[in-house]
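Subject: Structure handover

Hi,

Here is the structure I promised to pass on to you. My notes follow below it, so please have both open side by side.

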Amino acid sequence: MNQTISYERFFQRATGNKPFAFQSRLAGEKWPDLLDIPTGLGKTAAVTLAWLWRRGWRHGGRAETPDPGTPRRLVWCLPMRVLVEQTEENIKKWLDQLGIHSNAGDGKVSVHLLMGGEPDLKTWAEHPEEDMVLIGTQDMLLSRALMRGYGMSRYQWPIHFALLHNDCLWAFDEVQLMGAGLATSAQLDAFRRSFLLAKNSRSLWLSATLNRDWLATVDLQPHMASLDTLTIDDEDRTQTRERLEAVKTLHKAAVVLTKDANNKQGLDAYLDALAERVLQSHVDTAQTLVIVNRVDRAQQLFRKLQERREGKSDLLIHARFRAAERAALSDRLRKESGTDRIIIATQAIEAGVDLSSKTLITELAPWASLVQRFGRCNRYGEHNADGARIFWLDIEDDADVLPYDTETLAQAREKLATLDNAGPQNLPPTDSERPLSAVLRRKDLLDLFNTDPDLSGFDVDISSYIRDTGTPGVQVFWREFDEDPNNPAPQPRPQRAELCPVSISQAKAVSKRKDVTLWRWDALDDAWVKLDRSPRPGMTLLIRTTDGGYDEQVGFEAALKKPPVPVIMLQSPNEQNAFGEDWPSQQAKSIALPAHLSHVATQAKDLCQAVGETTHAAALVRAGRWHDLGKLHEIFQKSMYRCKNAVGRTPLAKSDCVGRMKHERKFFRHELASMLAWLAQHDNEPDADLIAYLIAAHHGKIRMSLRSMPSEEASEGVKRFARGVWEGDVLPALDFDGEHSDETTLQLALMELGEGEQGPSWTERTLRLLDEHGPFRLAWMESLVRLADWRASREEQLDPPACDNDKHELDNSHSPVAVPEPRATAADSPPPPAAQSGAQHGLRGRAGEPTDAGSRTHTPHAATRHLETTFGVLSYAAGARPTSSSAATNHRHTIRSDRPCTPTFGIWPRAWTIFRQNLTTAGSKCCPSPKAACSAFIPLPISTAASAAYSWTG
């Protein structure tokens with residue numbers, strides 16, 4: 001009882017309303033699989049707030065241990081774009097009211113739109129350990145769940161696939177509108193029950209017109225008996241009586257869509273008659289909603305009403321607007337008064353939109369859709385006193401019935417003939433069968449795990465698994481350029497505000513205009529190329545602003561030529577992601593390769609701990625430690641030092657050279673070299689293949705297959721080559737993070753099928769891994785290594801805390817310890833250092849010379865040149881001196897730092913790595929990361945290698 005009262009307060013603080021009985025039950029009982037609730041009763045709030053409660057969130061923060069059966073990501077999958085912004089705004093408002101809303105990375109609950117464009121690609125995916133809400137359309141979400149994410153780089157498909165199948169609660173809203181996507185959602189749920197998961201996930205299907213049999217697909221059928229349904233009970237009916245008994249008189253309008261509307265003149269006559277019907281029925285003290293089945297009809301009807309209602313705040317709502325204009329329309333829809341307003345809309349508004357009208361006029365539609373449309377009239381019973389009216393427009397069988405079919409419309413017409421009131425309690429149930437559609441099978445999902453296009457450059461078309469009422473469309477955006485979008489540099493990737501969804505037929509209509517050229521991004525050619533084929537679902541296409549096709553008031557229209565489309569200013573340009581690009585390796589600060597390998601291993605360990613990954617943590621950390629070893633390759637190091645006179649002695653993982661980085665070999669991929677070097681030295685170890693796969697896949701560009709690129713060439717005499725790596729290439733030896741890699745001559749026999757010089761082929765190895773771990777868990781492990789790399793790279797570029805160097809110069813401020821203590825003698829002066837150690841460690845004041853690592857370092861103004869030890873005061877020069885005495889390794893030194901300081905990052909990486917490891921070994925909580933502050937005395941064993949290179953920014 002106390003928990004019920006507590007949840008009521010929690011719910012009321014978030015929404016301003018007390019929860020209905022079913023909303024409280026959802027928070028306290030076992031999660032159902034189906035939620036069958038009438039329209040207007042708050043399904044979104046019910047699920048979202050129950051999820052928050054179960055995850056342990058209370059007002060102000062997390063106060064309880066999360067329920068292990070409630071995943072940490074809530075995924076709202078919506079059938080229409082118009083629902084997305086409304087859902088986002090509501091959820092953010094509830095989180096703000098509870099004081100637990102923040103950005104990803106802040107340790108609270110973040111909200112993210114997965115709608116294409118840059119913002120949804122990395123921000124949320126970088127924090128798999130945090131609770132968050134993801135919102136998107138079924139096109140965007142299901143395509144990502146099928147490893148073919150629309151509107152995003154193919155190289156990021158695996159991360160989104162992994163994070164959408166592990167630790168997720170999928171909420172499929174308004175399932176009656178999902179079409180083929182509903183069967184796909186059921187099949188994916190069945191596969192998550194059969195394949196191994198890294199983290200538990202589950203599904204929840206919601207609708208006011210839910211037919212349980214729609215979920216009985218071939219692979220979920222065996223689980224149907226165990227699926228639980230939550231619906232309203234008598235207590236709910238008492239609480240919601242005013243809504244359930246809302247008065248909505250139902251009338252058949254005299255206006256009918258006939259086959260005459262198939263031509264321009266007949267369509268114009270139909271729309272004139274409809275406009276007149278709307279004006280006659282509209283009550284100027286209230287709001288009227290008109291829903292038609294096609295975007296083009298909605299656009300033309302809106303224009304006709306504009307001519308007769310100039311200056312009114314009427315709105316046109318459909319899915320063919322850019323995100324920027326759609327957000328503005330959504331804002332007007334919510335905030336402007338509905339008095340004397342007419343809204344013209346398509347089925348985009350029929351589900352989930354918090355909208356109510358006194359008068360509703362709708363074209364005939366399938367029964368489940370009509371029930372949803374009726375829910376937009378007198379939604380809260382606010383017009384019960386004076387009544388609300390619904391007019392439905394018949395569509396003759398020989399007319400243009402698209403996007404529906406004649407049979408489903410006939411079934412709906414039959415039900416309408418028996419009704420004169422469309423109140424929720426008067427409506428018969430939805431008894432139609434789920435439409436026939438393509439059904440995703442187990443083999444299909446496994447085939448989709450390979451993200452390489454086929455030899456013709458095409459991908460598997462997944463559109464039939466996502467929608468069956470019209471092929472999933474494409475996204476277009478407009479930019480200003482003369483003739484070539486690659487001149488002087490390729491146009492950046494689009495941002496979400498620029499993107500406009502259009503149907504395939506509309507995209508084809510634009511492409512057929514002689515004055516228009518559509519452009520698509522080619523990741524292999526690293527450029528925008530002309531679209532020389534029919535548009536395919538999921539494409540993102542670029543159009544020149546002067547080519548038209550869009551109006552801010554009515555949205556996309558293929559035939560619209562003037563005026564030029566207004567450009568949406570970019571907040572910050574987004575880099576393209578070409579196959580050969582290594583833009584993450586181009587940074588503001590140079591980072592030495594051994595340091596980066598250590599940092600990624602540490603981040604992988606921390607990330608595994610944060611997400612509770614224990615089974616394969618060791619393999620993930622090892623993969624992180626070896627992931628970039630291929631950057632030792634001379635091709636990569638030339639790119640790293642491209643702005644220098646010569647390649648430096650210290651191998652770099654990140655370069656501060658400005659300008660785009662292109663390798664001498666066009667398709668060179670360092671991760672392939674890393675994987676080959678790993679297998680050459682560790683092929684017989686446990687988990688060798690898994691670690692090799694995680695190394696190869698950490699950029700998403702080399703995964704299940706290994707072959708040369710279509711236009712790739714190599715020098716004469718090279719037997720095998722792939723992705724810019726040639727057989728016979730040599731990687732030099734390297735010591736890093738406690739490991740050693742020998743000088744390695746790279747072999748590529750793995751490219752060939754069957755058993756070869758290097759054992760099983762790469763294809764055989766990866767298919768074996770897929771069979772052992774399943775697609776969901778294998779992608780999960782792959783993603784954790786990639787995220788560790790992202791995090792380490794970001795950390796490496798952070799500025800260290802400022803220190804007052806003068807106060808840390810022992811020669812000035814600590815003169816007593818600048819000379820040997822009586823109990824010990826200073827070490828002998830070292831012999832002249834080797835060229836490598838001199839340049840790398842800055843001894844004799846040589847740091848920063850042209851022959852060093854090129855890391856922009858200079859001789860420190862106030863470097864601490866002595867270590868105060870329990871055996872006396874040693875100079876760094878003495879510590880750097882090679883010694884055969886094992887005693888030097890066992891000395892326990894005490895380093896003192898009275899102020900927060902950070903070891904210089906990337907200059908002496910090996911020393912810092914060992915220093916940090918020693919701190920950990922010594923049990924100190926100081927300096928857990930390069931950003932942390934050190935204070936107090938820290939006892940630690942210092943090896944010769946470590947003492948050779950300590951440098952402090954203070």
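Arg-723 counts as buried, at 2% relative accessibility; buried here means under 20% relative accessible area, with over 50% being exposed and anything in between partly exposed (1.4 Å probe, protein chains only). Before going further, please note that this is a predicted model, in which local features need pLDDT of at least 70 and side-chain atom pairs count only at pLDDT 80 or more, while totals for chains, interfaces and linings use all residues. Residues are numbered from 1 along each chain as its sequence is written, and side-chain values use heavy atoms, with hydrogens and water left out.

Back to Arg-723: its phi is near 50°, a positive value in a residue other than glycine. Most residues other than glycine have a negative phi, and most peptide bonds are trans. Arg-723 sits in the loop between E25 and strand E26 (725-726). Helices (H or I, at least four residues) and strands (E, at least two) are DSSP runs, numbered from the N terminus.

What does Glu-712 contact, leaving aside its neighbours within four places in sequence? The partners are Phe-667, Phe-721, Ala-722, Arg-723 and Gly-724, where contact means heavy atoms within 4.5 Å. Glu-712 and Arg-723 are eleven residues apart along the chain, and 7.8 Å separates their C-alpha atoms. Glu-712 belongs to the loop between H21 and strand E25 (721-722), and with a relative accessible area of 9% it is buried as well.

Asp-167 also has a positive phi, near 65°. You will find Asp-167 in the loop between H6 and strand E7 (168-172), and its relative accessible area of 8% makes it buried.

Two cis peptide bonds are worth a look:
- Leu-402 to Pro-403 is cis, with omega near 15°; Pro-403 lies in the loop between strand E15 (389-395) and helix H14 (406-416).
- Asn-487 and Pro-488 are joined by a cis peptide bond with omega of about 5°; Pro-488 is in the loop between strand E16 (474-479) and strand E17 (500-502).

Now for the helix pairs. The axes of helix H20 (residues 670-682) and helix H21 (residues 688-696) cross at roughly 165° and come within 8 Å. Axes are lines fitted to C-alpha atoms, for helices over the stretch in contact, and angles run from 0 to 180 degrees between N-to-C directions. H20 and H21 are therefore roughly antiparallel to each other; angles under 35 degrees count as roughly parallel, over 145 as roughly antiparallel, 65 to 115 as roughly perpendicular and the rest as oblique. On the H20 side the contact involves Glu-671, Ser-674, Met-675, Trp-678, Leu-679 and His-682, which meet Ala-688, Asp-689, Ile-691, Ala-692, Ile-695 and Ala-696 in H21. These residues of the contact of H20 with H21 comprise eight nonpolar, two polar and two charged. For the classes, Ala, Val, Leu, Ile, Met, Phe, Trp, Tyr, Cys and Pro count as nonpolar, Asp, Glu, Lys and Arg as charged, and the others, Gly among them, as polar.

Helix H5 (residues 138-145) and helix H6 (residues 157-165) have axes that come within 8 Å and cross at roughly 95°, which makes H5 roughly perpendicular to H6. Leu-141, Arg-144 and Ala-145 of H5 make the contact with His-160, Phe-161, Leu-164 and His-165 of H6. The contact of H5 with H6 has four nonpolar, two polar and one charged residues.

Helix H2 (residues 21-28) is largely enclosed by the rest of the structure, because seven of its eight residues are buried. Among them are Phe-22, Gln-23 and Arg-25.

Finally, the overall picture: the protein has 28 helices and 34 strands, and 59% of its 954 residues count as buried.

Best wishes
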